[in-house]
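Here is a short tour of a protein chain, written for someone new to reading structures. Have a look at the model first, then follow along.

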Amino acid sequence: MLENIRLSIQGIFAHKIRSLLTMLGIIIGIAAIIAIVSTIRGTNEQIKSNLVGAGNNTVAVALYQGEYEYDMQYQAPPSGVPVISSQVKAQLSAIKEVESVALYRTRNYCDSIFYQNTKLEGGSIWGIDADYFQTAGYHIQSGKGFRSEDYAKGNNVAILDTDSAQSLFAGENPVGKVIDINGMPFKVVGVAVQSSVFEPVIQSIDDYHLYASSSVGKVFLPDAAWPIVFRYDEPQNCLLKTTETDAMTKVGKQASDLLNARVTTSGTGETIQYKSRDLLEQAKSLQELSSSTNTMLIYIAGISLLVGGIGVMNIMLVSVTERTREIGLKKALGAKKRHILFQFLTEAAVLTSVGGLLGVVAGIGLSRIIARLAEVPVAISPAAAAVAVLFSMIVGILFGWIPSVKAANLNPIDALRYE
């Protein structure tokens, strides 16, 4: 076999131009497929990043009424939905692939947050437990975080994010200042910022509503201080950080099922239940749409491989004709049909494999060019490159079969007489 491969490579270099033209269809087909697959993978990763965020791996499980999140701002807490106890939180933490769990309550689009005469327009208030900042990926930028006694006693203290700090204080240091929330004074003890900066891509009104509350400013309170400005015994939502992004959907479903097992009310109209905000599922839907669109391009690129295979068959038939006397001599010296067949199949496979390798190199280069000119992300797939080379080898074997059989079936006497 090694001898056949050596002879095949010698044959390629002996007829460089002819070999290159023969491989051209294979090179173009493989390059096109590599470029398309790389673009699809890059686009899918961008979709996931745009919706899910830059590696936060967090999934929120909130209380819903029908298809919409239950709004405590305009409705009383539903009966039959208990607060999440420390025991239930421990059960959530025990879910496989969950790294940490935090509980929180929130009010969006609040118009009752002031610093002196400055109002925080459209900001949100969050009542958080001691695990929230770590789970959501926040760290204290200035000042300090909440102390354990703040959570135990419900002290009137608050932490701002950078957006709310800028909106209320316009560059002034907010630490130590007192803000007004629903007529109650809260001392600002720190400013927090998320470790992973995530800039969502907003392309529709649904995207706006999804991200608006997180982009206009947040004010955080210890969960024990929540009843100072809002109601007692409001059900909490939970935030779960997973070990990997692809586990978010499964973890959100398991957490929702666990919490819904404790809900004993359906309401008078639409069902009240916990649901996960499954951004990953939305990302997958967009990825499937993107992939199905580009699959047709892969089929079209595959036509080049068919054309390349026909070119290989044509050149191999020419090669059989040119080497008729060589084949007759080998048969006269004792070579069997299978030896001749295997030799020509090896030559066809080597020819297309070299074309496949050149196509992979060209495809990677083409991907880089597309990324720069079209400003779209690409992600090179080593698996796709390996499959492309293997597929090109298979093309060589399939289209080299007929010429190889023709060579193997030559009559040695007729072959030796051939001029």
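## A serine tucked away, and what surrounds it

Ser 353 is buried, with a relative accessible area of 12%. Buried here means under 20% relative accessible area, exposed means over 50%, and partly exposed is in between (1.4 Å probe, protein chains only). This is a predicted model, where local features need pLDDT of at least 70 and side-chain atom pairs count only at pLDDT 80 or more, while totals for chains, interfaces and linings use all residues. Residues are numbered from 1 along each chain as its sequence is written, and side-chain values use heavy atoms, with hydrogens and water left out.

So where does Ser 353 sit? You'll find Ser 353 in helix α12 (residues 337–374). Helices (H or I, at least four residues) and strands (E, at least two) are DSSP runs, numbered from the N terminus. A polar atom of the Ser 353 side chain lies 2.7 Å from the backbone oxygen of Ala 349. Leaving aside neighbours within four places in sequence, Ser 353 is in contact (heavy atoms within 4.5 Å) with Val 389, Ser 392 and Met 393.

Now zoom out to the whole chain.

| Item | Value |
|---|---|
| Secondary structure | 14 helices and 13 strands |
| Buried share of the 419 residues | 45% |
| Contacts joining residues at least 24 apart, among those at least 6 apart in sequence | 82% |

Next, the cores. A nonpolar core is a set of buried Ala, Val, Leu, Ile, Met, Phe, Trp, Tyr and Cys residues joined through side-chain atoms within 4.5 Å. The largest one has 23 residues, and Leu 63, Leu 92 and Tyr 274 are among those with the most contacts inside it. Elements giving two or more residues to this core include β1 (58–65), α3 (86–93) and β13 (272–276). Helix α9 supplies the largest share, four residues. Beyond its neighbours within four places in sequence, Leu 63 is in contact with residues including Tyr 70, Met 72, Val 81 and Ile 272. There's also a second, separate core of 21 residues, with Ala 158, Phe 169, Ile 181 and Val 188 among them.

Last stop: helix α6 (residues 162–169). Which of its residues are buried? They are Ser 164, Ala 165, Leu 168 and Phe 169. These residues cover an arc of only 100° around the axis (taken from the directions from the helix axis to the C-beta atoms), which puts them on the same side of α6. An α-helix has 3.6 residues a turn, so residues three or four places apart point the same way. Among the elements covering the buried residues of α6 are β4 (113–115), β8 (157–161) and β11 (218–222). Just after α6, Ala 170 takes a positive phi of about 50°.

Definitions and conventions
A polar contact is a pair of N or O atoms within 3.5 Å; within protein, one must be able to donate a hydrogen and the other to accept it, and residues adjacent in sequence count only if both atoms are side-chain atoms.
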